[in-house]
Amino acid sequence: MNHHKLIIIGSGPAGLTAALYAARAELKPLVIAGVTFGGQLMTTTEVENFPGFPDGRQGPELMQDMVKQAERFGAQMIYDDAIKVDFSAKGGSASGGKNQPFKVATGDKEFTADSVIIATGATYKWLGLPSETKYRGKGISACATCDGFFFKEKEIIVVGGGDAAMEEALYLTKFASKVVILNRTGKLRASKIMQDRVKANSKISIEYNKQVEEFLGGEKLTGGKIKDSVSGQADERKFDGAFIAIGHKPSSDIFRGQIELDEKGFVIPKDLTRTSVEGVFVAGDVQDHRYRQAVTAAGLGCMAALDAEKYLEMDHG
Ligand code: NDP
């Protein structure tokens, strides 16, 4: 049976929470979880800010438990990537929907559904240096709220010049002894209010026209080679941590032309979880570039499942 009431695309906290709620509503959702399931928490070690775990939890364990919990109530998982969707059909569904059936294809299968929840998340942008990959989780991070705690009284650099970099830097001053923002041009992209907050914080300094050429260290990160793009000179300097805050890339390529995306590729939510196509809902980081927390993604996943349930009830009425 390749037809489902609800297909959920994505298996981070948003997708799996949607799966849990939809499964408990007896919608028997199909979760197209991706070849690498679990989303961004699969690459995190200790998760200390997901409520209910006073001693923290390893990210991959948390995600595996979310899968088990959704499966317990009847969610079906497929560990493959959705590579194509078609939300354009008009009528023709056995269940009498408006744009249904929606089509979702993986490499070798095609599924149809009366409703779809998009929960494909986003990925941090990285600088792309081999030494950056080497020290990820060993001094380099892209999430201050996840990892800032591990840098008490340490010296940190933040790479970037947008609001995210300002926010990361401000948050990190709770822990770090010193935070240096490295901006690649002579001008910050961040909003004035965020710049003002950063400039008023005595723990933070901003350096312009600076780019990381290489991260350095042994087992752990100990510093980097920083190039001044005006003078062309590169100097080695010591720091204990580096936070990369150069933007996010929503995982929305397969939805281009099917639903409304903003200029950066984020799905534009309407009335919280609806999209421009009736019956297609959205949850998590693929629509939310502001909060980007596992717990907020889970909350949106819950909301999308409840909205999909109501939609299906109406259609099937
Ligand atoms: P932005 O696209 O706004 O900024 C990205 C920054 O990273 C820019 O300074 C950019 O430099 C720099 N950058 C990009 N690539 C590289 C690179 N390879 N090397 C070095 N630097 C690089 O992304 P943000 O994530 O900061 O923000 C995304 C959106 O989310 C924005 O709309 C922002 O306003 C919003 N946001 C709002 C917050 C708030 O209001 N509290 C908090 C966080 C985000 P350059 O300018 O040279 O391109």
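User: In which sense do strand β11 and strand β17 pair, and over how many bridges?

Analyst: This is a predicted model, in which local features need pLDDT of at least 70, side-chain atom pairs count only at pLDDT 80 or more, and totals for chains, interfaces and linings use all residues. Residues are numbered from 1 along each chain as its sequence is written, and side-chain values use heavy atoms, with hydrogens and water left out. Strands (E, at least two residues) are DSSP runs numbered from the N terminus, and two strands pair if DSSP finds at least two bridges between them. Strand β11 covers residues 155–159 and strand β17 residues 241–244; their pairing is parallel, over four bridges.

User: Which residue in β17 is the bridge partner of Val 158?

Analyst: Strand β11 spans residues 155–159 and pairs with β17. The bridge partner of Val 158 in β17 is Phe 243.

User: Which strands stand at the edges of the open sheet of five strands?

Analyst: The order of this open sheet is β10-β17-β11-β12-β13, with parallel pairing. Each edge strand has a single partner strand, so one side of each is left without a neighbour in the sheet. The edge strands are β10 (140–141) and β13 (204–207).

User: Which residue in the turn between β15 and β16 has a positive phi?

Analyst: Strand β15 (residues 221–228) and strand β16 (residues 234–238) pair in the antiparallel sense over five bridges. Within this pair, Ile 226 stands opposite Asp 235. The two strands form a hairpin with five residues between them, and the turn residue with a positive phi, about 80°, is Gly 232.

User: Where does Leu 272, which is not a glycine, lie?

Analyst: Most residues other than glycine have a negative phi. Leu 272 has a positive phi of about 75°. Its place is in the loop between β18 (248–250) and β19 (280–282).

User: What is the phi of Asn 209?

Analyst: Asn 209 is placed in the loop between β13 and β14 (210–217). Its phi is positive, in a residue other than glycine, with a value near 55°.

User: With which side chain does the side chain of Thr 112 make a polar contact?

Analyst: Thr 112 lies in strand β8 (residues 110–118). A polar contact is a pair of N or O atoms within 3.5 Å; within protein, one must be able to donate a hydrogen and the other to accept it, and residues adjacent in sequence count only if both atoms are side-chain atoms. At 2.7 Å, the partner side chain is that of His 3.

User: How much area do domain 1 and domain 2 bury between them?

Analyst: An automatic or database domain assignment gives the bounds, with domain 1 at 3–123 + 248–313 and domain 2 at 126–244. Five residues of domain 1 are in contact (heavy atoms within 4.5 Å) with five residues of domain 2. Buried area is the accessible area (1.4 Å probe) that two parts lose on being put together, summed over both. Of the area buried here, 42% is on carbon and sulfur atoms, and the total is about 510 Å².
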